Amino acid sequence: MAENKTKGDFIPAVVDPQYILQVNALRKYFPIKNGIRVTGNVKAVDGVTFNLKRGSAMGLVGESGCGKTTTGRTILRLYDSKTDGQVLFNGEEVYDLSRKELRALRTKMQIIFQDPFSSLSPRMPVGEIIGEAVREHKLVPKAEFNDYIDSVMDQCGLQPFHRQRYPHEFSGGQRQRICIARALALNPEFIVCDEPVSALDVSIQAQIINLLKDLQKTHHLTYLFISHDLSVVEHISDTVGVMYLGSLVEYGETGDIFRNPLHPYTKALFSAIPIPDPTVKMNRIVLEGSIPSPANPPQGCKFHTRCKYCTERCKTEVPQQRETEPGHYVVCHLYDDVRTQPAQKETDNERTQALV
């Protein structure tokens with residue numbers, strides 16, 4: 001979970017082998033320049049903390065511009081540097097690795113991009129797109145290269161004769177399968193799925209999600225699944241993190257989050273999930289006001305400008321993470337006196353119901 005602390009003010013994470021990924025107080029700021037002078041920073045990722053168990057999938061949700069994609073790219077070290085915090089992959093700080101060590105790590109950490117067409121080279125046949133990195137990292141002998149690529153394509157629902165075709169000859173769903181095959185070919189342990197089904201039809205979305213789940217079971221993959229579609233996240237994720245303006249405001253097991261959302265922002269997001277029953281009336285929560293700028297976020301709680309429960313304390317004091325039930329964390333002053341002892345549980349439930 002995220003704790004909004006000052007830069008550099010965090011306790012280094014203790015390496016735990018059950019987690020493939022440990023993100024601790026991660027920050028990524030982008031400078032705002034006026035000529036050569038830096039006048040401020042866009043705080044795209046501002047104190048994000050979570051742990052990801054091996055073989056599990058974590059969903060990362062939130063409004064556009066909240067920092068989901070930047071979080072994923074920073075974790076993969078697709079930027080030259082991070083502003084602050086830790087990214088531990090298998091217990092090693094990703095940003096402390098040398099160029100040679102990072103090159104070896106690249107095969108273990110992969111990404112599936114949102115737009116399959118723009119992420120595929122139009123000048124290369126599919127076989128070369130999938131096999132380019134395999135050849136570069138010398139993962140298989142030359143004599144076995146074609147058979148290996150055919151095997152990977154078959155796992156992703158592609159046929160051997162597709163190797164000689166170009167991306168423009170495929171549908172959107174098939175192009176996303178090519179992107180998945182390209183990531184899978186390197187035999188990764190961890191994959192960032194950056195809204196991999198948002199550009200696809202609903203029926204094709206289901207096929208791709210089922211493919212990702214099958215591959216996860218077969219290869220024991222770990223996913224960070226970034227998406228706007230909460231129903232997709234609920235289907236594929238074991239845990240869910242909710243982001244707002246660069247910070248995690250709620251985190252927990254998928255069942256706990258969807259059954260009992262606590263943060264006012266999470267409740268507003270979940271109230272927008274369509275219900276496929278015309279007889280059911282939706283109790284939509286409409287947030288007032290506009291999203292603040294990440295270059296100049298509000299003092300205190302970042303969400304207080306749009307929250308109907310806002311108090312004077314929210315305007316000045318940054319809320320800290322609270323564990324309202326085992327594994328379920330929320331960053332909100334409404335839960336500051338929550339304890340996990342059984343004697344307090346009834347009171348917590350009563351207050352939670354009062355907020356709904």
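**Exercise 1.** Find which residues of α3 are buried, and what they pack against.

*Solution.* Start with burial, meaning under 20% relative accessible area with a 1.4 Å probe and protein chains only (over 50% is exposed, in between is partly exposed). In α3 the buried ones are V126, G127, I129, I130, G131 and V134. Next, look for their partners: these buried residues pack against α4 and α5 (172-184), where contact means heavy atoms within 4.5 Å. Helices here are DSSP runs (H or I) of at least four residues, numbered from the N terminus.

A word on the model: it's predicted, so local features need pLDDT of at least 70, side-chain atom pairs count only at pLDDT 80 or more, and totals for chains, interfaces and linings use all residues. Residues are numbered from 1 along each chain as its sequence is written, and side-chain values use heavy atoms, leaving out hydrogens and water.

**Exercise 2.** Describe how α3 and α4 pack.

*Solution.* First, get the geometry: α3 (residues 126-136) and α4 (residues 145-155) pack at about 115°, with axes 10 Å apart. Axes are lines fitted to C-alpha atoms over the stretch in contact, and angles run from 0 to 180 degrees between N-to-C directions. Roughly perpendicular covers 65 to 115 degrees, so that's what α3 and α4 are.

Then list the contacts: V126, G127, I130, G131, V134 and R135 in α3 meet F145, Y148, I149, V152 and M153 in α4. The residues of this contact divide into 8 nonpolar, 2 polar and 1 charged.

How values were computed. Helices (H or I, at least four residues) and strands (E, at least two) are DSSP runs, numbered from the N terminus. Angles under 35 degrees count as roughly parallel, over 145 as roughly antiparallel, 65 to 115 as roughly perpendicular and the rest as oblique. Ala, Val, Leu, Ile, Met, Phe, Trp, Tyr, Cys and Pro count as nonpolar, Asp, Glu, Lys and Arg as charged, and the others, Gly among them, as polar.
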